[in-house]
Amino acid sequence: FQEWKNGVFRPAYCFFGEDAGSKQTAVETLRKLLGADAFNSHDFPGSLDAQAAEIVSAASTPPMFSARRIVVVRDAEFPAAGRRIMADYLRSPLETTTLVLLSGEAKPDQKDALAMGVAAGGGVVLFKALAEGEAVSRLREEARRGGFELDAAAAELLVHEAGGNWGILRAELEKLRLFVLEKKRAGAEDAAACLGYRKEANPFELPRMIQRRKAVEALRLL
């Protein structure tokens, strides 16, 4: 985020990790800071060999009436042929394009040419779920920024129920802020009264994982 605010944009990023909410926030922030309009902003579902060529074509096109172009790929889990196409592009990427690949994997595989191609340019970013203590501290700090005090017991309850995904926790914190609007303080009872998080998943992701024989990941998603 600090690099982007200073106007430093790498030609390619790969966002790894399970915190989907924070990934989406990063994509939206990057798109805004790049100032790419509709003509210079592209979103692809990804994951198919056939799409790899389209993605590279979009990424290889200079921006139109803008300084930069952004290309976002929602699922970077391409089969072998698609990964080769993408890896070839990353050997000499267009400097005016920022390519963003989203991966559900926890971290890059050292044997993956695509991930290593992004890593060579310093664009690998890990979005880990927060540890319990980190999540509690961050919730309480964010609450103070939002103008109210979050009791430790309330923060611990939120983390215990919703986990360490910051995207989910942030949404729950905003609900809690509105719930205690006049009180300016939230306790465990307040947190329990308005907890109602949900975790969203791509409905096509499960069959893809099964087809790739990723048993552990498929069971976790299910």
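Let's start where helix α6 meets helix α7: E132, A135, V136, L139 and R140 in α6 touch A152, A155, E156, L158 and V159 in α7. Sort the residues of that contact by class and you get 7 nonpolar, no polar and 3 charged. Keep in mind that this is a predicted model.

**α6 and α7**
- Two packed helices are described by the angle between their axes and the distance between the axes.
- Here, α6 covers residues 132-145 and α7 covers residues 152-162, and they pack at an angle of about 125 degrees with their axes 9 Å apart.
- Angles of 65 to 115 degrees count as roughly perpendicular and those over 145 as roughly antiparallel, so α6 and α7 are oblique to each other.
- If you're wondering about handedness, the crossing of α6 and α7 is right-handed.

**α7 and α8**
- Helix α7 also packs against α8: their axes come within 10 Å and cross at roughly 135 degrees.
- This pair is therefore oblique, too.
- On the α7 side, the contact is made by L158, V159 and A162, while α8 brings in I168, L169, E172 and L176.
- That contact has 6 nonpolar residues, no polar ones and 1 charged.
- As for handedness, α7 passes α8 in a right-handed crossing.
- Notice that L158 and V159 of α7 turn up in the contact with α6 and in the contact with α8.

**α2 and α8**
- The axes of α2 and α8 come within 5 Å, crossing at roughly 85 degrees.
- α2 and α8 are therefore roughly perpendicular to each other.
- G21, S22 and T25 of α2 make this contact with W166, G167 and R170 of α8.
- By class, the contact of α2 with α8 has 1 nonpolar, 4 polar and 1 charged residues.

**The second largest pocket**
- How much space lies in the second largest pocket? About 230 Å³.
- Its lining has 14 residues, and F1, S22, R138, W166 and R170 are the ones nearest the centre of the pocket.
- At least two lining residues each come from α2 (20-34), β5 (124-126), α6 and α8 (166-179).
- The largest share, 3 residues, is supplied by α2.
- Split by class, the pocket lining has 7 nonpolar, 2 polar and 5 charged residues.

How values were computed: Residues are numbered from 1 along each chain as its sequence is written. This is a predicted model: local features need pLDDT of at least 70, side-chain atom pairs count only at pLDDT 80 or more; totals for chains, interfaces and linings use all residues. Side-chain values use heavy atoms; hydrogens and water are left out. Axes are lines fitted to C-alpha atoms, for helices over the stretch in contact, and angles run from 0 to 180 degrees between N-to-C directions. Helices (H or I, at least four residues) and strands (E, at least two) are DSSP runs, numbered from the N terminus. Angles under 35 degrees count as roughly parallel, over 145 as roughly antiparallel, 65 to 115 as roughly perpendicular and the rest as oblique. A crossing is left-handed if the near helix is turned anticlockwise from the far one by less than a right angle, and right-handed if clockwise. Contact means heavy atoms within 4.5 Å. Ala, Val, Leu, Ile, Met, Phe, Trp, Tyr, Cys and Pro count as nonpolar, Asp, Glu, Lys and Arg as charged, and the others, Gly among them, as polar. On a 1 Å grid over the protein atoms alone, a cavity is a set of points where a 1.4 Å probe fits but cannot get out, and a pocket is an open set with protein on both sides within 12 Å along at least five of seven lines; lining residues have an atom within 4 Å of a point. Grid points are joined across faces, edges and corners, and a volume is the space filled by probe spheres set on the points.
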